[in-house]
Amino acid sequence: MSSREKILQQVKLNKPSETALPLHYTFESGYENTEVKFKEILQAIYTEVIVVGSLDELKEKVEEMYAGVVNKATTVEALSSWADFSLQVQDPHELEMIEIAILQAEFGVAENGAVWISDRHLQHRVLPFITQNLAFVIPRNALVNNMHDAYKRLLDTTGWGCFIAGPSKTADIEQSLVIGAHGARSMVIFLVEN
Amino acid sequence: MSKAVIEHAEASETFNKDESYVDWHDETLWFVRKKRDISSKLLPEWEELRETASQIKHYVLSHMDDLLETFEKNAKANGVHVHWAADAKEHNEIVLAILKQRKVDKMVKSKSMLTEECHMNEFLSQNGIEVIDTDLGERIVQLRQEPPSHIVLPAIHLKKKDIGDLFHEHLGTDAGATDPQYLTEAARQHLRDKFLTRRAALTGVNFAVAETGAFVVCTNEGNADMGAHLADVHIACMGFEKIIPLQAHLGVFLRLLARSATGQPITTYSSHFKTPRQGQEMHLVIVDNGRSTQLGRADFRNSLKCIRCGACMNTCPVYRRSGGHSYHNAVAGPIGSILAPNLDMTKNADLPFASTLCGSCSNVCPVKIDIHDQLYKWRQVLVQGGHVPQAKEIGIKAMSMVLSQPRFYQWSGRLGRSVMRTLPFMVNNSLNPWYKQREMPEPPKESFRDWYVRNRK
């Protein structure tokens, strides 16, 4: 008998008598203002949230913020002339040089500041991790209150997707928080008015 | 580990030699516990979330075979290779075979307690494969050639000076440098090089979703994703209890996990892997290694609900003052002490006794495992099975004799009180284990019973 059959057989034999799934497993978070909560949580995890009125305004803001920086990449079409690093590479290892990546993402979660990004908007999964600095662009109205609401939105995922909340961090040395472990050293979120 | 096992009590004694160090360890973990308290109290639905998570996990235990088969079917449809391992040995051999087939001899690995449980690194290195742990804490303990002392905070037993010295030796940082920012930056540079040059990456699994065949990996550092998305081969290893029925259930578990672990509302990265990226190979190894046996133990099966947050360790007065290594098991602390006897009753017979049974572990557990009740029940199973050393067994039998005979109990109490008053050196000496690291209490003049008999009119 294969290990698969052996394991499944023993599980069948040993499992407890059947219980049902709880019918109710989602909760509401009644925040007065979802965007205010989102900003507040992100501020606590070293992430700036910037509201811009339009894509043109986004471009102006970005040009001002990252003036003088080289190796800039983006998946936001409106910023393509700002970027100087092409994402048309075969091998994701080549992305190692990127200093700042501004990426289109889907939506944000107020209770924890997480932003959902997936294959849908990304041709290289490693990009949000390998770039030295990271920024997300999401529509201003694409904010949900909590993780239950988030999964209601994510009826199915694409091949890969990730909730990202702030820059990479660690506290493995005497519980001292250090920003910039392996992933991005800094994070900015642009909320774009529709 | 092939090293001889040192019992918990003996290892704790060594850990307690430096009082200021133990105080620091104790306070550091209590600080993490307090962060968990603050974070959990921000959610009015916290207790309902715990109950819901516990019920979902109970459903999982009672439908484990169906869920595993559904998960396998969906994962395969997603293009993932699914392997089944009955025990640690088979798990290690499967991983080795995947690497050999691809002619890979170097691999990066993110946190996986399962591979610790299977002693995989040791096995792979004996077979010519170099494994680099990429979580900062895990890399630190790996360079020190010791196991993690905590499932979430692997290097929590070390001071920054220890890490500074270690990095000076291995990574060439300045002698005497202890600034965490500087040391972390050095590790970032050192590990970036590994990420960029390794063709295989191994990750753990926090949750496996039967409905979609996807698995979720949570980190703060981003090391699991860095490894997996750059490698040609991604191997993910999971104990079969990691399964959950629906993707929407992640809402419950991701809200509980990081808040319970460190007080964060969520880990920085919660990565959902479903299909391999183009040109990549993705393998999933589903491991039993005693879990199906534990599933059959009615008193202990709830231990399989564990989501590995470490809250029970941070709150445990024994763990905080004895350190993770004293538990000589991949998973330490209260949860480790109810999982370990299932793996080896003789070797781990001491662990369920490494507890005050205060119940704090059960109170903080996000999936409501009755940890302290199970510790108590394991003690009985282990004594009845003859796994407990004779001295402890004689002690327990003597205690039961005294406690079951009221007159004898009264006489012993009187004798004890008078001995402690008139001949204090009889108890205040190093032969009495209760005297270690603490003063004996002032003996009362009379027992409560004597007082009650005198005053009941």
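Me: Before I look at anything else, how many other C-beta atoms lie within 10 Å of Pro245(B), and how does that count class the residue?

Reply: A residue counts as buried with 20 or more such neighbours and as exposed with 12 or fewer, the range in between being called partly exposed. Pro245(B) has 18 other C-beta atoms within 10 Å, and it is therefore partly exposed. Bear in mind throughout that this is a predicted model.

Me: Where in chain B does Pro245(B) lie, and which residues does it touch beyond those up to four places away in sequence?

Reply: Pro245(B) sits in the loop that runs between E8 and H12 of chain B. Leaving out residues up to four places away in sequence, Pro245(B) touches Tyr59(B), Val60(B), Leu67(B), Ala210(B) and Glu211(B) of chain B, together with Leu21(A) from chain A.

Me: How many residues of each chain take part in the contact between chain A and chain B, and which helix of chain B gives the most to its side?

Reply: On the side of chain B there are 70 residues, in contact with 57 residues of chain A. Within chain B, helix H3 (residues 46-62) gives the most to this side, contributing eight residues. By class, the side of chain B that touches chain A has 31 nonpolar, 25 polar and 14 charged residues.

Me: Which strands pair between the chains, and in what sense?

Reply: Strand E8 (residues 160-164) of chain A pairs with strand E9 (residues 269-273) of chain B in the antiparallel sense, over five bridges, with Cys162(A) standing opposite Ser271(B). These strands belong to an open sheet of eight strands with mixed pairing, in the order E7(A)-E4(A)-E5(A)-E8(A)-E9(B)-E6(B)-E5(B)-E8(B). At the edges stand strand E7 (143-144) of chain A and strand E8 (243-244) of chain B, each with a single partner strand, so one side of each has no neighbour in the sheet.

Me: Within chain B, which strands does E2 join?

Reply: Strand E2 (residues 106-109) of chain B runs parallel to strand E3 (residues 130-133) of chain B, joined by four bridges, and Lys106(B) has Glu130(B) as its bridge partner there. Three bridges join E2(B) to strand E4 (residues 200-203) of chain B, again in parallel, and Met107(B) stands opposite Ala200(B).

Me: Where should I look for the nonpolar core, and which residues touch the most other members?

Reply: In soluble globular proteins, nonpolar side chains tend to be buried together. Here the largest nonpolar core has 174 residues, of which Val137(A), Ile189(A), Phe215(B), Met238(B) and Phe253(B) touch the most other members. Helix H12 (residues 250-261) of chain B gives the most to this core, with eight residues. Setting aside neighbours within four places in sequence, the contacts of Val137(A) include Leu58(A), Val76(A), Ile102(A) and Phe190(A).

Me: How many residues of helix H8 of chain B are buried, and what do they pack against?

Reply: Helix H8 (residues 136-143) of chain B is mostly covered, with seven of its eight residues buried, among them Leu136(B), Ile140(B) and Val141(B). The buried residues pack against strand E9 (169-170) of chain A, and in chain B against E3, helix H9 (160-171) and helix H10 (180-197). After H8(B) comes Gln145(B), whose phi is positive, near 55°.

Notes
Residues are numbered from 1 along each chain as its sequence is written. Chains are lettered from A and ligands numbered from 1 in the order in which they are written. This is a predicted model: local features need pLDDT of at least 70, side-chain atom pairs count only at pLDDT 80 or more; totals for chains, interfaces and linings use all residues. Two residues are in contact if their C-beta atoms, placed from the backbone, lie within 7 Å. Helices (H or I, at least four residues) and strands (E, at least two) are DSSP runs, numbered from the N terminus. Ala, Val, Leu, Ile, Met, Phe, Trp, Tyr, Cys and Pro count as nonpolar, Asp, Glu, Lys and Arg as charged, and the others, Gly among them, as polar. Two strands pair if DSSP finds at least two bridges between them. A nonpolar core is a set of buried Ala, Val, Leu, Ile, Met, Phe, Trp, Tyr and Cys residues joined through C-beta atoms within 7 Å.
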